[in-house]
Amino acid sequence: MRGLVIRNTGSWYVVRTDDGRLIDSKIKGNFRLKGIRSTNPVAVGDFVQIVINAEGTAFITEIEDRKNYIIRKASNLSKQSHIIAANVDQVFLIVTVNHPQTSTIFIDRFLASAEAYRVPVSLIFNKTDRYDADDLRYMKGMMHLYTTIGYPCHTCSALLSEGIEELRRSLKGKTTLLSGHSGVGKSTLLNTLIPDLHVRTAEISAAHNTGMHTTTFSEMFDLPEGGCLIDTPGIKGFGTFDFEKEEVAHYFREIFQASTDCKYNNCTHTHEPGCAVRRAVEEHLISESRYTSYLNMLEDQNESKYRQSY
């Protein structure tokens with residue numbers, strides 16, 4: 001029987017069958033013997049085949065081929081991956097310039113991974129009601145940077161329901177993943193977009209300006225106007241998975257474009273003479289923050305860095 005995984009609670013999955021039933025399901029043991037180097041071989045958004053047993057629960061026996069997925073390095077197991085969601089039409093990456101601040105390195109790592117797996121991303125700048133003049137100037141600068149590169153940017157205040165109608169238009173009829181740090185307002189945004197949900201929210205830590213987890217598992221919710229949202233737990237760091245050093249530049253759009261003028265085909269854009277990328281950074285045609293993120297990702301083969309968040 002075919003179904004769609006709409007919830008992942010760790011050891012159990014909720015599968016919505018093609019005829020509309022919700023079946024608690026588990027992975028059949030031999031899944032873990034197929035070389036899937038992942039903490040969660042099945043993800044929300046996967047289409048699966050299940051076999052229902054006498055108790056009314058089921059075994060997942062097969063995962064259908066995915067059109068795409070968002071993946072990151074597992075937080076505690078550096079040799080394994082964590083699939084955040086599968087078969088999505090787009091991602092809304094929720095970012096905040098304060099309360100808490102989302103770093104450009106985190107944003108750029110997420111965007112690069114999405115590029116690698118062909119997933120469109122829009123940046124949603126939330127909590128505009130809480131920003132002072134300096135915060136707003138910084139936000140406008142970030143929006144200009146990412147819009148210029150080609151990533152759509154939106155502003156909203158989920159708390160005050162400002163900017164929500166524009167988001168609704170972008171969500172209609174699509175499967176959208178919500179992601180971002182803890183504390184950026186994903187749960188509040190979800191409650192605003194789907195008023196009957198009443199997803200739990202929490203205040204950020206005043207002492208550290210960081211968020212606390214309120215979503216503890218991934219789940220898909222149907223939108224009133226059609227389409228669905230996948231809500232996921234907040235993530236601290238975003239370790240890229242299975243990137244070769246020579247591939248990293250391909251996933252930074254403006255760096256890849258500039259690299260066609262480099263003197264050497266195998267240029268790493270770090271020290272080589274005749275590097276068009278470094279020249280573009282010096283001439284402010286490529287932002288220093290994006291170049292810093294690129295250099296940061298080149299260090300990912302150093303496995304020890306995943307023992308700490310960044």
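# Close-up views of a predicted model

**View 1. Helix α1 against helix α7.** In this predicted model, α1 passes α7 in a right-handed crossing. Helix α7 comprises residues 288–298, and its axis and that of α1 come within 9 Å, crossing at roughly 65°. That angle makes α1 roughly perpendicular to α7. On the α1 side, the residues that meet α7 are Thr 104, Ile 105, Asp 108, Arg 109, Leu 111 and Ala 112. Their counterparts in α7 are Ser 289, Arg 290, Thr 292, Ser 293, Asn 296 and Met 297. By class, the contact of α1 with α7 contains four nonpolar, five polar and three charged residues.

**View 2. Helix α1 beside helix α2.** Helix α1 spans residues 104–116 and helix α2 spans residues 133–149; their axes come within 13 Å and cross at roughly 25°. Angles under 35 degrees count as roughly parallel, and α1 and α2 are therefore roughly parallel to each other. The crossing of α1 past α2 is right-handed. From α1, the contact involves Thr 104, Ile 107, Asp 108 and Leu 111, and from α2 it involves Tyr 138, Met 142 and Tyr 146. Five residues of this contact between α1 and α2 are nonpolar, one is polar and one is charged.

**View 3. Strand β3 and its partners.** Strand β3 covers residues 22–27, and its side chains alternate between two faces. Strand β2, residues 13–17, runs antiparallel to β3 and is joined to β3 by four bridges. Within this pairing, Tyr 13 has Ser 25 of β3 as its bridge partner. The hairpin of β2 and β3 has four residues between the strands, and Gly 20 takes a positive phi near 95° there. Strand β5, residues 58–63, runs parallel to β3, and three bridges join the two strands. Ser 25 has Ala 58 as its bridge partner in β5.

**View 4. Strand β8 between covered faces.** Strand β8 is mostly covered, with six of its six residues buried. Gln 90, Phe 92 and Ile 94 point one way from the strand, Val 91, Leu 93 and Val 95 point the other way, and all are buried. Strand β8 pairs with β11 in the parallel sense over four bridges. In that pairing, Thr 176 of β11 is the bridge partner of Gln 90. Strands β8 and β9 also run parallel, joined by five bridges. Here Ile 94 stands opposite Ile 124 of β9.

**View 5. Helix α4 and its surroundings.** Helix α4, residues 186–193, is mostly covered, as seven of its eight residues are buried. The buried residues are Lys 186, Ser 187, Leu 189, Leu 190, Asn 191, Thr 192 and Leu 193. These buried residues of α4 pack against strands β8, β11 (175–179), β12 (218–222) and β13 (228–231), and against helix α3 (164–171).

**View 6. His 154 in strand β10.** His 154 is placed in strand β10, which covers residues 153–155. With a relative accessible area of 11%, His 154 is buried, because buried means under 20% relative accessible area. Leu 123 is 31 residues from His 154 in sequence, yet the two are 6.3 Å apart in space, C-alpha to C-alpha. Leaving aside its neighbours within four places in sequence, His 154 is in contact with Ser 122, Leu 123, Ile 124, Phe 125, Glu 166, Leu 167 and Ser 170.

View 7. The loop between β7 (81–86) and β8 holds Asn 87, which has a positive phi of about 55° although it is not a glycine. Asn 87 is buried, with a relative accessible area of 13%. The loop between β8 (90–95) and α1 contains Pro 100. A cis peptide bond joins His 99 and Pro 100, with omega about -5°. Arg 118 lies in the loop between α1 and β9 (121–125). Arg 118 likewise is not a glycine, and its phi is positive, about 60°. Arg 118 is exposed, with a relative accessible area of 64%.

Technical notes. Residues are numbered from 1 along each chain as its sequence is written. This is a predicted model: local features need pLDDT of at least 70, side-chain atom pairs count only at pLDDT 80 or more; totals for chains, interfaces and linings use all residues. Side-chain values use heavy atoms; hydrogens and water are left out. Axes are lines fitted to C-alpha atoms, for helices over the stretch in contact, and angles run from 0 to 180 degrees between N-to-C directions. Angles under 35 degrees count as roughly parallel, over 145 as roughly antiparallel, 65 to 115 as roughly perpendicular and the rest as oblique. A crossing is left-handed if the near helix is turned anticlockwise from the far one by less than a right angle, and right-handed if clockwise. Contact means heavy atoms within 4.5 Å. Ala, Val, Leu, Ile, Met, Phe, Trp, Tyr, Cys and Pro count as nonpolar, Asp, Glu, Lys and Arg as charged, and the others, Gly among them, as polar. Buried means under 20% relative accessible area, exposed over 50%, partly exposed in between (1.4 Å probe, protein chains only). Two strands pair if DSSP finds at least two bridges between them.
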